[in-house]
Amino acid sequence: MFGSRIIARSFASSAASNAAKVAVLGAAGGIGQPLSLLMKLNPLVTELSLYDIVNTPGVAADLSHINTKAKVTGHKGADSLAAALTGSDVIIIPAGVPRKPGMTRDDLFNTNAGIVKTLAEGAAKYAPKAHILVIANPVNSTVPIVAEVFKKHGVFDPARLFGVTSLDVVRASTFVGEVKNSNPEEINVHVVGGHSGVTIMPLLSQTGIKFSQEEIEKLTNRIQFGGDEVVKAKDGTGSATLSMAQAGARFANSLLKALNGQKGIVEPTYVYSPVAKKDGVDFFATNVELGPQGVAKIHPLGSLSAYEQKLYDAAVPELKKNIQKGVEFVAKN
């Protein structure tokens, strides 16, 4: 009885001042189920709409027995997408296939790009004012896919589209805490760029913590490729699901608080951004202040060490390629 109250309090310090409908697309999957559970426990959510192509009514029935105020509905199959989306304030998209050993996030593109495009078309038609949180990989490409679909429908608002990169920050805090024998909850690492491999840029020089060059290089590599550890450990059965769900719920909670008028909420996220525009990169993750309309202020990179400048130089061409791949997919399909 008390467990759900304790967890709910960790998400928000006060009750919702406005009703919020949150839709989770891909709610029956490995990320979708724990993410939906965390959303059900969030006191800022008054309606939780779960969509997938299979099993969603069962997931919804299960979650509906939890004694929090969010009303849960389950929607299965393409014919129910409109009902799932209509009236949504926030749409979270963890849908898609997981990574398997030997696969990069880019290998997922051919399957997940089509899934994300279909869901984005539904959102553009039935919830054009919703805030879209993209978890489906490869995020560097799927966020531009959503943007291009919304542009085609004449409803693109860059302030309402987010690539969820929170897991990179969560991992960075954890890994630095292990190296420095410190509480990871008290460690904040600014992770910028994108959400795969060399596009993930942890700015360890900005933490205020002293590292040797060896520590910097090892930590950077582990943060960039931390997802591979989970893929390997799961032995072919999937990728990061529980940690991704927690990271996604963290970002969604921050956004919901900002939509309710809470000030000073800053989260890292991959958005349409001027930060790397001079280098031909339209989407880039940095710290972003969230507000009632979504993106309120995009923070700059800040000062970079020589090593971090090399990370930036390596990330830019990869990001340009990833973004272009998403843009071209929508143009051709």
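Helices (H or I, at least four residues) and strands (E, at least two) are DSSP runs, numbered from the N terminus. The structure shown above is a predicted model, in which local features need pLDDT of at least 70, side-chain atom pairs count only at pLDDT 80 or more, and totals for chains, interfaces and linings use all residues. Residues are numbered from 1 along each chain as its sequence is written, and side-chain values use heavy atoms, with hydrogens and water left out.

Lys100 lies in the loop between strand S4 (90-93) and helix H5. At 40% relative accessibility, Lys100 counts as partly exposed (buried means under 20% relative accessible area, exposed over 50%, and partly exposed in between, with a 1.4 Å probe and protein chains only). Although Lys100 and Gly238 are 138 residues apart along the chain, their C-alpha atoms are separated by 5.9 Å. Another pair of this kind involves Pro57, which lies in helix H3 (residues 56-64). Pro57 and His75 are 18 residues apart in sequence, yet 6.4 Å separates them in space, C-alpha to C-alpha. Pro57 is partly exposed, with a relative accessible area of 43%.

The strands come next. All 5 of the 5 residues of strand S1 (residues 21-25) are buried, so S1 is largely enclosed by the rest of the structure. S1 runs parallel to strand S2, and 5 bridges join them (two strands pair if DSSP finds at least two bridges between them). Within this pairing, Val22 has Leu48 of S2 as its bridge partner. Strand S9 (residues 265-272) is mostly covered, with 6 of its 8 residues buried. S9 pairs with strand S10 (residues 283-291) in the antiparallel sense, over 8 bridges.

At 1.5 Å a residue, the 18 residues of H5 should span 26 Å, and its end C-alpha atoms are 25 Å apart, which agrees; the expected span of a helix is 1.5 Å times one less than its number of residues. An α-helix has 3.6 residues a turn, so residues three or four places apart point the same way. The buried residues of H5 include Phe109, Asn112, Ala113, Val116, Lys117 and Ala120. Asn112 has a relative accessible area of 1%. A polar atom of the side chain of Asn112 lies 2.9 Å from the backbone oxygen of Asn137 (a polar contact is a pair of N or O atoms within 3.5 Å; within protein, one must be able to donate a hydrogen and the other to accept it, and residues adjacent in sequence count only if both atoms are side-chain atoms).

Most residues other than glycine have a negative phi, and most peptide bonds are trans. A cis peptide bond, with omega of about 0 degrees, joins Asn137 and Pro138. Pro138 is found in the loop between strand S5 (131-134) and helix H6 (139-152). Asn181 is not a glycine, but has a positive phi of about 50 degrees. Asn181 lies in the loop between helix H7 and strand S7 (191-193), and counts as exposed at 72% relative accessibility. Asp235, in the loop between helix H9 and helix H10 (242-259), likewise has a positive phi, of about 55 degrees. At 67% relative accessibility, Asp235 counts as exposed.

On a 1 Å grid over the protein atoms alone, a cavity is a set of points where a 1.4 Å probe fits but cannot get out, and a pocket is an open set with protein on both sides within 12 Å along at least five of seven lines; lining residues have an atom within 4 Å of a point. About 660 Å³ of space lies in the largest pocket. Among the 38 residues that line this pocket, the closest to its centre are Pro94, Ala95, Gly96, Val97 and Pro98. H5 gives the most to the lining of the largest pocket, with 4 residues. A search of the whole structure finds 1 cavity of 30 Å³ or more, and the largest cavity holds about 50 Å³ of space. Residues lining the largest cavity include Pro128, Phe150, Asp157 and Arg160. Grid points are joined across faces, edges and corners, and a volume is the space filled by probe spheres set on the points.
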